[in-house]
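This report describes the fold, the core and the charged pairs of the model shown below.

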Amino acid sequence: MAILTPESSPFQSFWWGGYECTDQLNAFGNRVDFLPLTGHLQLIDEDYAAQKPFNVGTVREGIRWAHIEKTPYQYDFSTVKTMLEAGERHGIQQIWDLCHFGYPDDLTPLHPMFARRFAALCRAFVDFYRSVRPEGTLIVTPINEVSFISWLGGDANGTSPYCHGQGWRVKYGLMRAYIEGSYALREADPGIRLLTTEPLISIVPPLRANSREIREARDAHHNQFQATDILCGRLCPELGGSPELLDIVGFNYYYDNQWQLHPHQKMGWNDVVMDPRWVPLHKLLQNAYKRYGRPFAITETSHPGVDRPIWWRMVAEECAHVLRKGLPLQGVCIYPFVDRPDWDHLDQWHRSGLFDADLSQPGPARVLHQPSAEALLQAQAVVSAARPPRSRVRLPELL
């Protein structure tokens, strides 16, 4: 497959902003709604204006399925319309997650009507979107992080359907819906672009592992590709997956995405002496590209606390390595752009955004994390220098 040129990217900017939009049931069975909780719904104009000094013209947003469809097959897109209007005011390109961890109260991925209801939502969303935006390319993520949410709800009892030992069943149900929804989206809008967003991880056996431990770690590592393999028809072909549904491949990568299996032990990404089993991000991306041969993006990445600047320097160096190889890396999403709380303990904020939240002020107020801002602009310069000349942009001074 030919490598796409930067000019063929459908994204308005290489750097994206991501806003936490989960509307899931948390570990305590409480519905969370992060768009208003983080203040993004109320302060969307302020948030979009704050992106401009950082070359962020593209964002990931979510429609919040649980709030859109409170009655089966009846949809209220009024909040999405408000967000679309804000995007138009600020010249922001919005990528839309249709299911970002939350389902309507009467549905779970194990429900026999889950896929049909999701496909109907997909058709309704395109009809609504095109009534507001008849022109331009629509980019959609049907279901965010199937691999993670199937584990959280199917194995870890952390969200609906609150199961243990049912991760594969939940994943199978989610992917049935993903595929039916993708076909529905394509039928409603043949020019639509589909963006997957799955975790990119590395799982290794313990040092001096025996053959069983090596095999178990290898299998666990390869399982990260199950959802995408189902989508393109390599796995579970009875669900109707096809290579034509695999469009732009997105990878979510965080500081804790590499670990040892049995016993579970996270691997440090910035240790003075690196674990020999650590795999640099550029190698993980190169291996994933070799597997799928599609244009790709880092659809989520960030780090909590004081190490945020170091993380952005690392991400820049790794992305520059990939771009110098001529691979079609089409974007990096700063996720979250504005800080978010923990899903289960809403009084605990991650301090992982480019902007922190000042909870003493209504909104909550946004406070720029200056070390992250400076590191991000430096990271953008590194990446810009590695990109082909025709795709480079001039970096503004930090305000």
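A residue counts as buried under 20% relative accessible area, as exposed over 50%, and as partly exposed in between. The model is predicted.

## Barrel and strand pairing

Eight strands form a closed barrel in the order 1-2-3-4-5-7-10-11, and their pairing is parallel. From one strand to the next, the twist averages 25 degrees.

Strand 3 (residues 93–99) and strand 4 (residues 139–143) run parallel and are joined by three bridges. Tryptophan 96 stands opposite valine 140 of strand 4. Helix 7 (residues 167–188) lies across strand 3, strand 4 and strand 5 (193–199), and runs at about 155 degrees to strand 4.

## Nonpolar cores

The largest nonpolar core has 106 residues, and Phe125 and Trp312 have the most contacts inside it. Helix 5 (residues 114–132) gives the most to this core, with eleven residues.

Which residues does phenylalanine 125 touch, leaving aside neighbours within four places in sequence? The contacts of phenylalanine 125 are Ile63, Phe77, Val80, Trp96, Leu98, Leu138 and Val140. Two of these, Trp96 and Val140, are the residues that stand opposite each other, with valine 140 in strand 4.

Helix 5 is mostly covered, with 14 of its 19 residues buried. At 1.5 Å a residue, those 19 residues should span 27 Å, and the end C-alpha atoms of helix 5 are 27 Å apart, so the two values agree.

Helix 12 (residues 370–386) has 17 residues and reaches 25 Å from its first C-alpha to its last, close to the 24 Å expected at 1.5 Å a residue. Its buried residues are Ser372, Ala373, Ala375, Leu376, Leu377, Ala379, Gln380, Val383, Ser384 and Ala386. The buried residues of helix 12 pack against strand 1 (15–18), helix 11 (308–324), strand 11 (329–334) and strand 13 (365–368).

## Salt bridges

Side chains of opposite charge can pair when their charged atoms come close. The structure holds 19 salt bridges. In one of them, the side chains of glutamate 300 and arginine 60 meet at 3.2 Å, N to O. This pair links distant parts of the chain, since glutamate 300 is in strand 10 (residues 296–301) and arginine 60 is in strand 2 (residues 56–62), 240 residues apart. Glutamate 300 has a relative accessible area of 4% and is therefore buried; arginine 60, at 1%, is buried too.

Arginine 212 forms a salt bridge with glutamate 216, the closest N and O atoms being 3.3 Å apart. The two residues are separated by about one helical turn because they are four residues apart in helix 8 (residues 211–222). Arginine 212 has a relative accessible area of 39%, so this residue is partly exposed. Glutamate 216, at 28% relative accessibility, also counts as partly exposed.

Arginine 234 and aspartate 229 meet through their side chains in a salt bridge of 4.0 Å, N to O. Elsewhere, salt bridges that share partners join Arg60, Asp97 and Glu300 into one network.

Methods:
Residues are numbered from 1 along each chain as its sequence is written. This is a predicted model: local features need pLDDT of at least 70, side-chain atom pairs count only at pLDDT 80 or more; totals for chains, interfaces and linings use all residues. Side-chain values use heavy atoms; hydrogens and water are left out. Two strands pair if DSSP finds at least two bridges between them. Axes are lines fitted to C-alpha atoms, for helices over the stretch in contact, and angles run from 0 to 180 degrees between N-to-C directions. Contact means heavy atoms within 4.5 Å. A nonpolar core is a set of buried Ala, Val, Leu, Ile, Met, Phe, Trp, Tyr and Cys residues joined through side-chain atoms within 4.5 Å. Buried means under 20% relative accessible area, exposed over 50%, partly exposed in between (1.4 Å probe, protein chains only). The expected span of a helix is 1.5 Å times one less than its number of residues.
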